[in-house]
Amino acid sequence: MRTLWIVGTALALAAGAAMAQSNDALVKQALSPLPAELRGQATVVTYDAKGNPQILRWGQNEIYCMPPQAGAENFSASCFGPVIKAQRDFEAREKAAGKDAKTISADVEAARKARKLPTPNLGTAIYIRSGKTEADAKNLWVVLMPNAKAEDLGLPTEKGNGTPWMMRSGTPQAHIMIPQAGDMDKAGTGDSKAM
């Protein structure tokens with residue numbers, strides 16, 4: 001009987017250690033799009049099969065990060081503020097209900113119009129790291145600029161040479177795409193007082 005208890009305890013400890021390692025890896029992946037100075041205080045969240053948020057790590061700076069979703073074809077991690085978090089919660093419930101991407105997008109817009117979802121403020125930032133694999137993933141910062149026009153801001157509307165550009169210029173979905181060539185592990189280590 002004692003042998004069974006020891007074996008059972010050992011298996012439970014091993015399973016707990018594997019889960020902790022798995023969660024540590026997910027947290028690291030989720031935080032990877034953020035500049036280094038924002039990572040320590042960010043909350044890491046994922047969603048269960050019913051679309052309910054599951055907190056992997058609590059934070060304190062109102063930034064939420066999502067690791068790549070289980071079963072996804074490509075690597076994608078993202079970080080955002082509370083307004084986008086509300087949208088992600090809504091989308092997760094819709095996806096769990098079996099809705100497709102086009103329907104979910106239309107439902108998000110309808111929920112915003114009905115004031116059931118908040119509208120992101122001008123300048124809301126989203127940090128993304130994506131690629132076919134984690135090893136080849138690139139960082140992209142997106143700044144939401146609803147209804148702004150590229151020509152008014154002096155921005156191109158075509159992607160090129162790793163420079164910022166505007167997508168969906170002049171629409172409620174207008175946003176600036178800012179590709180990041182640097183390593184986010186080293187970002188933000190400079191002295192801002194020197195500027």
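I count a charge as sitting over a ring if NZ of Lys or CZ of Arg is within 6 Å of the ring centre and within 35 degrees of the ring normal. The model is predicted, so I note that local features need pLDDT of at least 70, side-chain atom pairs count only at pLDDT 80 or more, and totals for chains, interfaces and linings use all residues. Residues are numbered from 1 along each chain as its sequence is written, and side-chain values use heavy atoms, with hydrogens and water left out.

Charges over rings. I found arginine 88 over the face of phenylalanine 80, at 5.2 Å from the ring centre. I also found lysine 85 over the face of tyrosine 64, at 5.4 Å from the ring centre.

Strands (DSSP runs of E, at least two residues, numbered from the N terminus). I looked up pairing, which needs at least two DSSP bridges between two strands. Strand β3 (residues 64–66) pairs with β4 in the antiparallel sense over three bridges, and cysteine 65 stands opposite cysteine 79 in β4. β4 also pairs with β5, antiparallel, over six bridges; phenylalanine 80 stands opposite isoleucine 126 in β5.

Burial (buried is under 20% relative accessible area, exposed over 50%, partly exposed in between; 1.4 Å probe, protein chains only). In strand β4 (residues 75–80), five of the six residues are buried, so the strand is largely enclosed by the rest of the structure.

Aromatic pairs (ring centres of Phe, Tyr and Trp, its six-membered ring, within 6.5 Å; planes under 30 degrees apart are stacked, over 60 edge-to-face, the rest tilted). My search of the whole structure gave one pair. Tyrosine 127 and tryptophan 141 are edge-to-face, 5.5 Å centre to centre, with 80 degrees between the planes.

Terms used
Helix = DSSP H or I, 4+ residues; strand = E, 2+ residues; numbered from the N terminus.
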